[in-house]
Amino acid sequence: GTPRQVMDQREMYNRLSHFASQGEGELQIRENYGRDGADEIHAMAKQLGLYSQSYGKGTRSVVVVSKVPLPNYRPEFDRINLEYDLDLSPRQEDLVLDALEATSHLRSKQGASGGRSYSNKYNRASRDRSRE
């Protein structure tokens, strides 16, 4: 997550006021102002006749401001970045790729039934070419 920032209340009020008068859609505030800062943003939005809702948890939370009511839950703000850079030995890479290939039939069945699907952007052929 991002480190906590100190909110300039006047600047935030001006930002929300500008959105209230000219903005469209929604305003997503991703800066980490902590819970107290989020509460201040909600109060300012209400004062300006806007709707606001906090989504996500902890330092990954987002305050969304809108001219129309917002739902209590939005799954796109719960997503966690599941991409990692790993340093694997060639043997470890082979083991992982073998496991992915052995379970590919499970992933394709889940994808067809609406379950979670995985993309394998890393494959043995491209890795082997990079070793040459």
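Colleague: Which ring does the charged end of Lys 67 sit over?

Modeller: Happy to look, keeping in mind that this is a predicted model. A charge counts as sitting over a ring if, among other things, NZ of Lys is within 6 Å of the ring centre. For Lys 67 the distance to the centre is 5.9 Å, and the ring is that of Phe 19.

Colleague: Are the planes of Tyr 55 and Phe 77 stacked or edge-to-face?

Modeller: A pair of aromatic rings is described by the distance of the centres and the angle of the planes. Here the centres of Tyr 55 and Phe 77 are 5.3 Å apart. Planes under 30 degrees apart count as stacked. The planes of Tyr 55 and Phe 77 lie at 15 degrees, so this pair is stacked.

Colleague: How many residues apart are Tyr 55 and Phe 77?

Modeller: Tyr 55 belongs to strand E2 (residues 51-55). Phe 77 lies in the loop between strand E3 (62-66) and helix H3 (90-102).

Colleague: What is the relative accessible area of Tyr 55?

Modeller: The ring of Tyr 55 also has the charged end of Arg 74 over it, 5.4 Å from its centre. Buried means under 20% relative accessible area. Tyr 55 is buried, with a value of 3%.

Colleague: In E3, which residue is the bridge partner of Leu 27?

Modeller: Leu 27 is in strand E1 (residues 26-29), where Leu 27 and Ile 29 point to one face and are buried. E1 and E3 pair in the antiparallel sense over four bridges. The partner of Leu 27 in E3 is Val 65.

Methods
Residues numbered from 1 in each chain as written. Predicted model: local features only at pLDDT ≥ 70, side-chain atom pairs only at ≥ 80, totals over all residues. Heavy atoms only, no water. Phe/Tyr/Trp six-rings, centres within 6.5 Å; stacked < 30°, edge-to-face > 60°. Helix = DSSP H or I, 4+ residues; strand = E, 2+ residues; numbered from the N terminus. Buried < 20%, exposed > 50% of the residue type's maximum accessible area, 1.4 Å probe, protein only. Lys NZ or Arg CZ within 6 Å of the ring centre and 35° of its normal. Pairing = 2+ DSSP bridges.
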